[in-house]
Structure formats: C-alpha cells, structure tokens
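Please read the report below next to the sequence and the model. It takes the chains in turn and then the places where they meet.

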Amino acid sequence: MASPETQTPETTSEVMTINIGPHHPATHGVLRLVVDLEGELVRDLKPVVGYVHTGIEKSCESQSYWKVIPFVERMDYVSYFFQMEAFCGAVERLVDLEIPPRARYLRTIFLELNRIHSHLVWLGTTGLDLGAISMLWYCFRERDKILDLFEMATGQRMHTRYFQVGGVIEDIPLGFEAKLREFIADMPVRIGQYEDLLDRNEIFLSRTKGVGIVSRERLLELGVTGPLLRAAGEPWDLRKAFDYLAYPEVDFKVPVGTVGDNYDRYRVRLAEMVESVRIIEQALDGLPEGPYIADDRKYVLPPRSELSTSMESLIHHFKLVTEGYRVEAGEVYYSIEGPRGELGCFVLADGSSKPARVHYRDPSFVNLQAFRDMSVDGYVADMIASLGMLDPILGGVDR
Amino acid sequence: MRSRQLRSRDMLRGDLEGEDLERFVEERVVMTNFDKMLGWARANSMFPLTFGLACCAIEAPISIVTARYDLARFGAEALRASPRQADMIILSGRVSIKMAPVVRRLYDQMLEPKWAMAMGACSSSAGMFSNYAVVQGADKFMPVDIYVPGCPPRPEAVLYGFNKLQRKVMGSPDQGWRRRYNAEGTEEWARGGPRSEPSPEAAEAYEAARASIRA
Amino acid sequence: MPDAPGLELIRGEIEMDHPGAVLDSSFDRGQAALVVAPEHILAALTWLRDSPGHEYRFLSSLHAVDYLPAEPRFVVHYELLNRDRVERLRVKAPLDEQEPEIDSCVDLFPTANFQEREAYDFFGIVFRGHPELTRILLPDDYVGWPLRRDFPIGGEPVKFTYNERNYG
C-alpha cells in the first residue's frame, strides 16, 4: 500500500468537500461526515451529529424516577443495561440505598452479558464494513443466544427495564443458570472461530495494522476512554478503578494494546469478550442467595403476594406507582465502564418526585472527537475502517 | 405416480392426443391476469433500503437478515443502499426533527412503486417520546403503508408485517380481523365519544349487519 | 473523592493563589464540589490540573444545569478526575441568567469541545473563545434553548375518544 508521501509532486490536486451520510451503508447509524478530500487523502473531517436526537434528557425531567428507567435505556441502544445501571446507581447514591448482594451479582452478570452483546454487534457490523461479510452472520448467531437469555430472564430481547432502584425487578427463572452455563462454555470456542476468520486474513490485517494511530496522551486530552484508550496502552478501566457492584469480588484481567492502531482495538475488544465470559462464570459460581431487591418500601415496590394481606404494602404500592418516591435535593455523578468507555450519569434532585436534570456523559459522544485525529492524512478507506473500530453508537451520541 | 411418468413419456414422444393432451397441459399451466402476476412478482422480490435510525435498526435491517429470522425466504434479502434501487423503506427507529427532511428526500428519491413500513412505536407515533425533538409519527410527512408496533418489535413481528405488506402489494390487502372472521358490525363505541350515537343510516346498517351474522 | 478535610485544603490552597476564586465548597453524599466564580474558572481549572499533588488532568464531563427557580440559575459543572489517586472533584461555575457567558476551557481540556457545544445548544450558554460554537444536536436553525426549565416539553397529547373531537 503506497504511503501518502509517495504521491508525485507534479500532479496538482484540489481539495474537494464531500458529504458522507447521514444515510450511508458504512456509517454506524445516522452520522454525517463532511470530509475535505485531496485525491484519496482526508485533509479535514467534521462530524455532524444530531440526526437521532430524541430529547431524552428533557423527557426525563417530566417523569417520576421509576419511569425514567425505560427512557434512559434507549440512549445507547446496544448497551441498554449499562444506562440503566448508571441511572439506578446514581439514584441509589442519592437516596443512600444499599442493594443486596444477590442483586449486585445479578447486575454484574447482565452487564457483562450486555458487554459481550455490544462487542458482538460491533464485530459483526465492522466486519461487514471492511468486507468480511460472513462475520455478521456468525456474530449475530451468538447475539441471538444472548438475547434468548435476556428474554428468558426479563421477557424482552432489548430494552428490558430489568434494573430498578434497589436491585433487579425479578429473580432469574429456573433453567436460566443452566442455559447461561451452556452459553459460557460455548463462547470461548466461538471467539476462537472469529479469530480464525479474521486474524490471518491478509486484507483485514493490512486494512487495520498501522492505521488510525492516535497517541495515548492525545487520547487522554480528548477524554477518550474504554477500549480505544486501552488499545493505546493505558490500562484505565473503571471496573478496576472504582469498586462498584460485584467487580471487586471477581478476578479478571484488563486487556491493553501496544501500538494503538485499529488492529489493537480489534484485539482488545476480542480479549475483553473472553474476560467478560470469565467474569460471568465467576459471578455465577459465587451468586449468593437472598433477596434480589432492597427491602426499603419507600423506594421499592413490595412483592405482589403481600398486597392482598398487608394494608401498609398496599399504601406503599399505591404511592410508589402513582406519584413515586421523593428524593431530597442533591446531585450525584456516577460513572461506570460501558463497552465504549466511561458512561456517566448526573442526576439532580430537587425534593420532588421527578428528577430536575438527568445528564449522561456518553462515551461515544466524547470518543467521536478523536475521529478527526484518527483519519486526517490517511486514505478514505482507512477512515471507514477507523470509524468501524471507533464503534460509535449514534443513539448515545445524540441522546 | 407411474401413470404420470408414462404420460410424460408419451407427451415427449408426441403420442398424447386429444383429451389426454388437454388434461396434461391444464395440470401444468397457470392462467391468471397480468396484474396479479405482476403483484406476485413484486411482492416476492422486494428490495428493502438499508436504512436504520435507532434501536429498531438492530432488530431490522440487521437482525432480520441474519440466519435465525431469515428475510431471504420472502425474497427480500437484497438490501440496497441506494434509494434509486430500492423499493421499500423500513423506517426503523425514531425520526428526529433534524432527520425528517432527510428521510423525506430519501423517500422522494425512490422510484415508483414504493412502499414504506413504519417499524416500531417511534416511527408509527413517536412511541414514548412525546417531546420537542421527535416527529410524532412518520406519517406526518410521508405516506406509510404498514405499521408494526413494538418497542422494538421482535424480528418475527417485522416479518409478519412484511407478509402483510406483501399481501397488500399482491392486490389483496389484509383488511383486518373483522373481515376475516366475519365480524363486521360488531364494533361498539365508547359512551360519550363522538360516535356513541350513530346516525340513523349507520344504525340501520349496523342492524342489518348484525342480522346477516345471525342468519 | 477527596474527603471533606481534603476539600477544605484544596479550597485554601486555591484561595492563596487566586483570591476570590472559590465561592463555596460542599461535600454531599460522598462527592466533593467547589463553587468557583466564572471569571476565575480558567485559573482554577489550570491550578487544579497542573499543581503538583492535585493533578486533576482528566475532564470526565462538562455539562450545564438549570437550577430554576433557585438563583443563580445556570451552573456549568466540570467533573474532574485524577487517575493516579482515583479521585473525582466537581467544579461548579454559576452564571448570570440574563447573559450566561463563561470562558471556554478547550485549550486546557480539548475534550470540552463537543461538550461545550452541547451546553450552548441546550441552554444558550456562550463559551468565549470556543473555536466553533454552533448547535450540535439540534437543527442549525432551531430557535430556543430546549433544556431550560421554562421551555415546554413539546410533543402532542395522546388522542383518546374523549378528546378526539378537539383534534379533528
């Protein structure tokens, strides 16, 4: 592949501004790029976002805290459990509610399943972009298995509203554990299959090796976190830095790359999938017995069986469903490690039963600022490969 | 089975005549009118546009072309990226106010005949997002042929909607369950609503329909 | 988080270098926050980022909040993070309601580029010195600042049979 410097100086070239998207087969969602091209080289790049802006943050201000959960799920629509966890964790810190250990482990299991799901969707669609079309079918075969597990436990494939403030809404059903164990026994074999498909594919390697390198310091300046930062060599992972849920009690490694090119990003995400399987296995082995949601009736719905016998439960239920619980004035910023980086949730409470401000620090929004650095002075085809490896989810970018 | 084989052999030799030949041809030739054939061809070879907006995009168009929920069995596996080559647009996801003119332009760029499926609650009627940023239903700015509810709808639901759209394309649109189950005239209107007191002609027609059911 | 005494120490040290910068400090629910006057925000952020022993070099999030009906109404939040000691610190800059303007910190923290545009888009807060302060998530010709508390939510009411005749 000729490097950009070997272009002959006699040819004159002019800079042409073209528009890619918002409807384009290779943009992951409705992303519009205004690209200045000189021949095949990208000289400048401007992402224009906002084409799927849904005003979720404004909608949340007019819903009670319980009703906010289905809204925030739909921001980054591939990692819905993470958004739920960020919000529920923030509200739990606002009301100082502690969740029982079983709920912590269940949340961890579902979060890691969702991480694998997100990486599978990424791998399938990125393979599709780079020309490795069969990756889509193989990855989505596993994705359907994960969605079967979600459906078994929560009733919905996507956007499950499973996490509630205080724990999870329902315990896992019988047969879930067996099916999950089957899945985690199978998954490392499948990841090996994906590696076999791509790792020695000459076209894939030459399209991703040495492409899209941004230095670690520049990435930190730009606020990039997640697999992009780890591929550049910085072992920063919020699961290890801040102890939350069951992560302190499980043992897992954080994969880190060396060069920071697209190939490293690919390898880091594949290794993360393997680590997630290990986390799920350990969490499942250590799943404690006990309640799956906190006991505090001021914030948590009582179990339905109690409604016919206890008057107090009926009153609590009525109050929680109609008005919702009130949260004293205060503000909290709580962040977790999502599949794309640091997902933070800021909740401002003003004493009423509706939040006064819900803001999400979405990793895709911030990571998109690194896209310009990744693609400038490279070829257009490399820009598409970098966009795939950047893994933006436009629902999170636009909220 | 053996007799059919013998007859085929005779036909190939040129030995079948008269009534035998007529019956042979009847069994193998379909007579229909051109519109129905055109509708059948169109319905079974739709080229959907690869157009995903938000969460529903993960279920369709990505998940319905994968192996479990195979859209290819209905002939629609050739997803085209260019609207000039596609004849069906699946609005999968919420249409924000910034995106609405883009969608309309895409729809205009498609060539006739074209169909639109509003997939999911957000494109049918803005779903849960009744706010400043989402167009309250895609039918505010473009004609929609079929609405598939759900948030997101299961891929099977999308395929069912696709089947209904195929029937509509073939010329016999699915009018709804009342026609299918012979239940016309069983509608009841809420008390106090605008149609709770039917006009006299409507009341007569209602009685006649009920009578025809009992009959 | 720096705990409450640590927070007071930080406040004292900034006061020594930039008197009048810090208006208030609070430690609530385990999270430390400093309220800084908007004129001194760049000085405070530079101090927090560069002074040895307090190197909050990572800006996690920059967002604006509307505290209506409380005064001051608009506050810009800076969530700073020190990755070596794993500590978070929140810096709040209250702004004037009539003309919400503040200096942009894009030179200090390039990550603030898109996030300041978003705060401008939603609240109308002007960041002086931002290289390209235009709307980012809403259409370019949108009028109004949607996330202000007095901006209506919009949308349409749901049609039922009892209010159907109002909508034709």
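Of the 215 residues of chain B, 34% count as buried, a residue being buried if 20 or more other C-beta atoms, placed from the backbone, lie within 10 Å of its own. This is a predicted model, in which local features need pLDDT of at least 70, side-chain atom pairs count only at pLDDT 80 or more, and totals for chains, interfaces and linings use all residues. Residues are numbered from 1 along each chain as its sequence is written, while chains are lettered from A and ligands numbered from 1 in the order in which they are written.

Chain B has nine helices and four strands; helices (H or I, at least four residues) and strands (E, at least two) are DSSP runs, numbered from the N terminus. Along the sequence of chain B these elements follow the pattern α-α-α-β-α-β-α-β-α-β-α-α-α. Chain C has three helices and seven strands, in the order α-β-β-α-β-β-β-β-α-β from the N terminus on. Contacts here are residue pairs whose C-beta atoms, placed from the backbone, lie within 7 Å. The table sets the two chains side by side.

| Chain | Buried residues | Contacts joining residues at least 24 apart, among those between residues at least 6 apart in sequence |
|---|---|---|
| Chain B | 34% of 215 residues | 70% |
| Chain C | 39% of 168 residues | 48% |

Chain B is divided into domain 1 (2-31), domain 2 (41-169) and domain 3 (181-214), with bounds that come from an automatic or database domain assignment. The C-alpha centres of domain 2 and domain 3 of chain B lie 35 Å apart.

Chain B also touches chain A, through a contact that takes 28 residues from chain B and 28 residues from chain A. On the chain B side, α4 (56-63) and α5 (100-109) each supply at least two residues. That side of chain B divides into 17 nonpolar, seven polar and four charged residues. In this count Ala, Val, Leu, Ile, Met, Phe, Trp, Tyr, Cys and Pro are nonpolar, Asp, Glu, Lys and Arg are charged, and the others, Gly among them, are polar.

The largest nonpolar core has 215 residues, of which A:V72, A:F87, A:V347, B:I89, B:L91 and B:M117 touch the most other members. Such a core is a set of buried Ala, Val, Leu, Ile, Met, Phe, Trp, Tyr and Cys residues joined through C-beta atoms within 7 Å. Helix α4 (residues 101-130) of chain A gives the largest share of this core, 13 residues. Leaving out residues up to four places away in sequence, B:I89 touches B:L49, B:F51, B:L106, B:Y107, B:M110 and B:A116.

A:V72 is also one of the buried residues of helix α2 (residues 65-73) of chain A, together with A:Y65, A:V68, A:I69, A:F71 and A:E73. These buried residues of α2(A) pack against α1 (56-60), α3 (80-95), β4 (163-164) and β8 (357-361) of chain A.

Chain A holds an open sheet of three strands in the order β1-β2-β3, with antiparallel pairing; two strands pair if DSSP finds at least two bridges between them. Its edge strands are β1 (15-20) and β3 (41-48) of chain A. Six bridges join β1(A) to β2 (residues 32-38) of chain A, and A:V15 stands opposite A:E38 in β2(A).

In chain C, six bridges join β1 (residues 22-28) to β2 (residues 31-36), which run antiparallel. C:F27 has C:A32 as its bridge partner in β2(C). β1(C) and β2(C) form a hairpin with two residues between them, and C:R29 in the turn has a positive phi of about 55°.

How values were computed:
Two residues are in contact if their C-beta atoms, placed from the backbone, lie within 7 Å. A residue is buried if 20 or more other C-beta atoms lie within 10 Å of its own, exposed if 12 or fewer, and partly exposed in between; C-beta atoms are placed from the backbone.
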